[in-house]
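I opened this notebook to record what I looked up in one structure. The entries run from the whole chain to single residues.

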Amino acid sequence: MGKFTTNKFFLIKFLISSVLSVLIYLSFRMDLIYENNVKILISFLLIQLIIFSIIFFSKKSIFSI
């Protein structure tokens, strides 16, 4: 049962990070697709890295049972 709850929390974290990533991509899409601006690309990748690192590498337990 412990392994199932861990996988369920991983899926919830993955879903949240995917939704945030898509929303940030949609906010940057015109600049990323039509402009060749490296600063915008680096800032987009940095924001994605921060989202994934906060969600997947946090050691705090959201729910304490």
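The entries below set down what I looked up, in order.

**Entry 1. The chain as a whole**

I note at the outset that this is a predicted model. I looked up the secondary structure and found 2 helices and 0 strands in the protein chain. I then asked what share of the 65 residues is buried. Buried residues make up 14% of the chain. The exposed surface comes to about 5700 Å², and carbon and sulfur atoms supply 74% of it. I also looked up the contacts in the chain with a separation of 6 or more, and residues 24 or more positions apart account for 57% of them.

**Entry 2. Helix α2**

I checked the length of helix α2, which covers residues 38-56. I next asked which residues of α2 are buried. They are I40, F44, Q48, I51 and I55. Seen down the helix axis, the buried residues of α2 fall within an arc of 70 degrees, and therefore they line one face of the helix. At the start of α2, I noted a side-chain oxygen of N37 within 3.3 Å of the backbone nitrogen of K39.

**Entry 3. The nonpolar core**

I looked up the largest nonpolar core and found 6 residues in it: I24, F28, I40, F44, I51 and I55. Helices α1 and α2 each supply at least two residues of this core. The largest share, 4 residues, comes from α2. I then took F28 from this core and asked what it touches beyond its neighbours within four places in sequence. F28 is in contact with I40, S43, F44 and I47.

I turned to S21, which has its place in helix α1, residues 2-34. Is S21 buried or exposed? Its relative accessible area is 12%, and buried means under 20%, so S21 counts as buried. A polar atom of the S21 side chain lies 2.8 Å from the backbone oxygen of S17. Not counting residues up to four places away in sequence, S21 touches Q48 and F52.

I looked up S17 next, and this residue is also found in helix α1. S17 is buried, with a relative accessible area of 0%. A polar atom of the S17 side chain lies 2.9 Å from the backbone oxygen of F14. With neighbours within four places in sequence left aside, S17 is in contact with I51, F52, I55 and F56.

**Entry 4. K13**

My last entry concerns K13, found in helix α1. K13 counts as partly exposed, at 23% relative accessibility. I asked how far K13 is from F56 in sequence and in space. The two are 43 residues apart in sequence, and their C-alpha atoms are 7.2 Å apart in space.

Conventions: Residues are numbered from 1 along each chain as its sequence is written. This is a predicted model: local features need pLDDT of at least 70, side-chain atom pairs count only at pLDDT 80 or more; totals for chains, interfaces and linings use all residues. Side-chain values use heavy atoms; hydrogens and water are left out. The expected span of a helix is 1.5 Å times one less than its number of residues. Buried means under 20% relative accessible area, exposed over 50%, partly exposed in between (1.4 Å probe, protein chains only). The arc is that of the directions from the helix axis to the C-beta atoms. A polar contact is a pair of N or O atoms within 3.5 Å; within protein, one must be able to donate a hydrogen and the other to accept it, and residues adjacent in sequence count only if both atoms are side-chain atoms. Contact means heavy atoms within 4.5 Å. Accessible areas come from the Shrake-Rupley method with a 1.4 Å probe; for residues, only the protein chains shown count as cover. A nonpolar core is a set of buried Ala, Val, Leu, Ile, Met, Phe, Trp, Tyr and Cys residues joined through side-chain atoms within 4.5 Å.
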